[in-house]
Amino acid sequence: MELIGVDTGGTFTDFIYKTEDGKWGVYKVLSTPSNPAEAVLEGIKKIAKSEQFKVIHGSTVATNAILERKGAYTALVINKGFEDIIEIGRQNRTRLYDLFYKRNKPLVPPELRFGVDCRINSNGEIVKDIDDKDLDDLIKKIEDSKAESVAVCFLFSYLNPDHEVKVRNVIKRLGLPVSLSSQILPEFREFERASTVIINAYVSPKMKRYIQSLIDELGDNELRIMQSNGGSISAETAMEESVRTILSGPAGGAVGALEIGRLAGFEKLITFDMGGTSTDVSLIDGKLPLTYESQIAGFPVKVPMIDIHTVGAGGGSIAYIDSGGSLKVGPESAGADPGPICYGKGEKITVTDANLFLGRLVPEFFLGGGMRLDRDRLDIYFTEMAKRLSMDEIELAEGILTVANASMEKAIRVISVDKGYDPREFTLFSFGGAGGMHAAFLARLLHIPKVFVPLNPGILSAIGMLLSDVIKDYSITVMIKSDETNYEKLSDLFEPLKNKGVEDLTKEGFEKDSIKLECYLDMRYLGQSYEITVPFETDYVERFHNLHEMNYGYCDKTKRVEVVNLRVRAIGSPEKPEFAKIQKGEHILKDAIAGYRDVVFDGKFHRATIYNRDKLLAGNVVEGPAIVVEYSSTIVIPPFARAKVDDYGNLIVDIEGE
């Protein structure tokens, strides 16, 4: 059976595929933002050589639905008197000194929020049951509202979901999709729970239509969807719990970096994924970093996600002059259409155009020669903008890259320095179509000694999807003082979650003995507002104190500790790609030389050697300045760097003086 990984990006849709004869191939097509399925199906049609294949897909449909506010017309059913909870939210102010700051409007407007006079208390006991007449009135209101999807969130439903289930059963008569907070997020904190279930209800109908359109075209072939937590789920689950796919593409990249880096002997990585629209960065210290406190477009999303920080700086990011006369880059992107100027249609200078202007992109080798860049179109646009800034064209092009690099440097500092990590102890793992042109410069700015560039970096997120496990996350709020429980009692509380994990993964086709179960506790000092996630071992209290000291610089072992949530992660490992070592060549380089060109570094032209990466052998050393070209990316080796090819074909770039 063929295996195909697909990652939909803002500019390109990437494919990696394994044929029945065991060979691997890569393919890229321009994305189709108006209907992402078109590019996905076009690519699959091009590369699938047999009738039977399996597709693992990272989709941006859910993300874009929220960012563009193009999701379903969603209603919220909640306790009477709590209809405005999503408007009130938390009193956190992210921009303290912005006098004109306004929060985004909620996804559910006031006229679509319906209160029901019922109540469950903090012990899970029904204090006031739902009246049948209230249910009849609710159905009439929802029907009259023309809502397309419904989110249900009652207080303490994570302890007792009876009222939510009763409301769902009634609303189902209308034929509307219903999302329950007790299923999507059975945890305390009603605002975050409401926000998460609303997002699920908001994006699920659109995601369902998208996935169903793929299923209809793919026939009996299996389709799986990448989750934000680094694992895949079935298409059926993704249609019902679409909130879990918000960061599916970037998650694939993090998984790919972890697995490929580990194979090559690198476990402390800062991942740098620069695509056409944005840059995603993450810090991997031996394992994937998970977070349970994420936001998208300002709305809390409390499902497990890989901790990824995103900035609007990519190859397609547009350069412009602001009202104060300063040069700015991004976050607006030229996308796939019209794209950068050099693609032939765009009329706004982008980061890609600046790289081409400086000679760092080789037009005849772009996408393996499958897409020719138009260098001559750039001159008039660079001349006009440079004149407005009173500088020459080369200064402008380098200035654009400097501004873009500064944005990406700041993003890396957010996930490293700001969290107490020293970037000098890590390796910068560069991927994405544009990452290889900027990685060495970022490493120098951050004093990172090495850059790791894998084979086919432009499609690493798609590779990561094939390397991902099948993962299911489960949680429940318990609120137990540590001095009132012990390891054995907590173990008993974990059993229902563990049984659910085994049951679900067994349905996915895994043998019970092959399923791995990881247990965690969310813990805090009594009276604190936020928790630390701790692996569940016999010394879990001691582990909490140690983690608290590492994160915050202190701990107090005399204070009472509270166990807030139990978490179980069920993991099934399917068949994964194996990476073979490449041929050794030591100092044989001449066969890989594809030519020479003049490239600008620090305002001066340097004669750079162009290397065909497909012909580089293990042990080869590439001295800068050089440009390494391949199908999915271009890697720039500046004068201050040198690269060595390892046994698996990865480029390990040493930064001078680091």
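A residue is called buried when its relative accessible area is under 20%. Keep that in mind; I will need it at the end. The model on the screen is a predicted one.

I start with the sheet. It is open and has eight strands, in the order S19-S14-S13-S22-S23-S34-S33-S30, and the pairing is mixed. At the edges stand S19, residues 309-311, and S30, residues 621-623. Each of these two has a single partner strand, so one of its sides has no neighbour in the sheet. From one strand to the next, the twist averages 20 degrees.

As a reminder, strands of a sheet pair through backbone hydrogen bonds, either parallel or antiparallel. Phe429 has Phe452 in S23 as its bridge partner.

Now the helices. H12, residues 393-415, lies across S13, S14, S19 and S22, and runs at about 30 degrees to S14. H13, residues 439-446, lies across S13, S22, S23 and S34, and runs at about 155 degrees to S22.

Last, one residue. Glu630 sits in the loop between S31, residues 626-629, and S32, residues 634-637. Is Glu630 buried or exposed? Its relative accessible area is 6%, so Glu630 is buried. What does the side chain of Glu630 reach? It reaches the backbone nitrogen of Asn456, at 3.1 Å. Beyond its neighbours within four places in sequence, Glu630 is in contact with several residues, including Pro454, Leu455, Asn456 and Pro457, as well as Phe365 and Arg613.

That is all I have.

Notes
Residues numbered from 1 in each chain as written. Predicted model: local features only at pLDDT ≥ 70, side-chain atom pairs only at ≥ 80, totals over all residues. Heavy atoms only, no water. Pairing = 2+ DSSP bridges. Helix = DSSP H or I, 4+ residues; strand = E, 2+ residues; numbered from the N terminus. Axes fitted to C-alpha atoms, helices over the stretch in contact; angles between N-to-C directions. Contact = heavy atoms within 4.5 Å. Buried < 20%, exposed > 50% of the residue type's maximum accessible area, 1.4 Å probe, protein only. Polar contact = N/O pair within 3.5 Å; in protein donor to acceptor, adjacent residues only side chain to side chain.
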